[in-house]
Amino acid sequence: MTCQQQKNKGRNNIRPCYLRNPIIVERSIDDAVFLVNPETDAIFYLNQVGTAIWQLLTEPINLSEAVATVQQAFPDVQPKHIAEDVSKLIDEMSDRNLVMCRS
Amino acid sequence: MPEKTEFFSFTGLRHPVAFINSEALYRYIFTIFRDWGIKKIDPRDEQRPVITIRKTDKGFQRRSKWLSKPKIFRNPIDTVCDFIVDLIHAYIADNEGLLCLHCAAVKFNQGIVAFPNTYRAGKSILSLKLVSCGGQLFTDDVLPITSHGNFGMALGILPRLRLPLPEALGGAFSNFAFEHAGPKSDRYLYVKLSKLEQAELGTKAPIRGITILQRDTAAKPALMKVKNSTVVRDVILRNFARQNSALEIVDRLYSIAEKADCYTLRYASLDQAVELLDDAFGLHNR
């Protein structure tokens with residue numbers, strides 16, 4: 001089942017959890033994070049919000065928990081925007097195999 | 001009419017380059033690839049050519065494994081300009097471990113300063129201005145990075161300016177460029193530098209600075225420190241030697257950025273840029 005399918009399923013009260021794909025290698029340079037997928041040789045650069053989410057994904061976390069934690073870190077940003085951004089970012093990370101879903 | 005095929009070897013390439021009815025290119029190639037020890041060889045003794053250029057009715061047609069379809073240019077200079085791309089691909093493929101950055105690079109007193117390629121930021125013009133002020137050109141477009149020590153390596157290919165030169169550059173720069181004029185078309189002028197002004201192919205030097213160019217006529221000129229991560233992100237986009245693993249690319253670029261002074265140079269005129277870079281890295285003649 002894809003992450004999106006699991007996410008859709010989550011709308012029916014089963015919330016998928018997300019966590020880092022263990023094959024991804026992280027390199028922190030200054031306050032920036034670069035992720036490398038050794039299987040595809042793709043390199044990703046994370047922005048500030050991306051880095052915050054990546055830090056959360058060391059342990060399995062569901063979307064609501066991720067949104068709540070990021071909201072605490074960025075109290076001046078409208079909650080609606082944070083929810084949209086976090087959801088979009090996790091989707092993108094899933095699409096690029098940086099994170100995995102667990103039901 | 002029978003075809004005249006000639007094979008040439010180039011320093012650092014395992015396979016020859018084939019030219020078919022393309023003698024019109026030779027004088028440009030011998031001049032522009034200043035240090036590549038180009039030698040005519042016997043086609044029968046060699047393996048398949050890595051690049052083939054054939055003169056056709058439509059122009060000079062080039063084939064190589066880096067092209068999805070043949071490229072054709074009418075003008076000989078334009079043909080050689082574009083041939084450089086494949087030749088560098090071949091050089092990287094035959095010299096394992098090289099990273100290759102899209103940037104200009106000039107040697108100052110303290111080592112090489114690299115100027116990553118940003119659209120129309122004037123890296124070629126600034127590099128040649130620095131040469132006219134005592135710097136030594138390593139490259140105006142592509143800088144190979146050695147696998148041992150991450151040194152920058154000179155390519156020994158003449159630098160190229162887009163014509164017409166902007167009037168704002170002033171007479172001194174134009175005089176320098178035209179006094180050193182090499183092969184020229186309506187679009188491009190190659191600048192023929194001496195070995196003192198341009199390092200020979202294979203010359204290595206440490207990278208002491210990485211400077212992102214930002215031409216801005218409105219703001220005050222300044223050389224501003226930037227984070228290593230900004231530089232790494234910027235140069236990753238400009239590395240095109242993809243035979244290295246992604247992790248190795250990130251680690252090596254970080255190691256380079258860590259040892260270098262990383263700046264953004266905001267400038268409106270060449271004189272301002274030279275002054276700021278001279279203060280930071282030192283030029284011989286100033």
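What follows is a chat about a predicted model with chains A and B.

Colleague: Before we start, how does the numbering work, and what confidence do local features need?
Modeller: Residues count from 1 along each chain as its sequence is written, and chains are lettered from A and ligands numbered from 1 in the order in which they are written. The model is predicted, so to speak of local features takes pLDDT of at least 70, side-chain atom pairs count only at pLDDT 80 or more, and totals for chains, interfaces and linings use all residues.

Colleague: What are the ipTM and pTM?
Modeller: ipTM is 0.74 and pTM is 0.87. Chain B averages a pLDDT of 91, with 96% of the residues scoring at least 70; pLDDT is the predictor's confidence in each residue, from 0 to 100.

Colleague: How many residues does each chain put into the contact?
Modeller: Twelve from chain A and twelve from chain B. Two residues are in contact if their C-beta atoms, placed from the backbone, lie within 7 Å.

Colleague: Which elements of chain A give two or more residues to that side?
Modeller: Strands S2 (25–29), S3 (32–37) and S4 (42–46) of chain A. Helices (H or I, at least four residues) and strands (E, at least two) are DSSP runs, numbered from the N terminus.

Colleague: And how do the residues on the chain A side divide by class?
Modeller: Nine are nonpolar, none polar and three charged. Ala, Val, Leu, Ile, Met, Phe, Trp, Tyr, Cys and Pro count as nonpolar, Asp, Glu, Lys and Arg as charged, and the others, Gly among them, as polar.

Colleague: Where is A:Asp41?
Modeller: In the loop between S3 and S4 of chain A. A:Asp41 has a positive phi of about 60°, although it is not a glycine.

Colleague: Switching to helices: at what angle do H2(A) and H3(A) cross?
Modeller: Roughly 130°, with the axes of H2 (residues 48–56) and H3 (residues 63–73) of chain A coming within 11 Å. Axes are lines fitted to C-alpha atoms, for helices over the stretch in contact, and angles run from 0 to 180 degrees between N-to-C directions.

Colleague: Which residues meet there?
Modeller: A:Val49, A:Ala52, A:Ile53 and A:Leu56 in H2(A) meet A:Ala66, A:Thr69, A:Val70 and A:Ala73 in H3(A). By class, that is seven nonpolar, one polar and no charged.

Colleague: What about H3(B) and H7(B), how do they cross?
Modeller: At roughly 60°, the axes of H3 (residues 123–132) and H7 (residues 270–281) of chain B coming within 10 Å. H3(B) brings B:Ile125, B:Leu126, B:Lys129 and B:Leu130, and H7(B) brings B:Leu270, B:Ala273, B:Val274 and B:Leu277. Seven of these residues are nonpolar, none polar and one charged.

Colleague: On to sheets. What is the strand order in chain A's open sheet?
Modeller: S5-S1-S6, three strands with antiparallel pairing. S5 (61–62) and S6 (99–102) are the edge strands. S1 (residues 17–20) and S6(A) pair over four bridges, and two strands pair if DSSP finds at least two bridges between them. A:Arg20 stands opposite A:Val99 in S6(A).

Colleague: And which order has the open sheet in chain B?
Modeller: S12-S14-S13, again three strands and antiparallel. S12 (160–162) and S13 (181–184) each have a single partner strand, so one side of each is left without a neighbour in the sheet. Direction ignored, neighbouring strands are turned by 35° against each other on average.

Colleague: Last one: which peptide bond is cis?
Modeller: The one from B:Leu163 to B:Pro164, with omega near -5°. B:Pro164 sits in the loop between S12 and helix H4 (171–179) of chain B.
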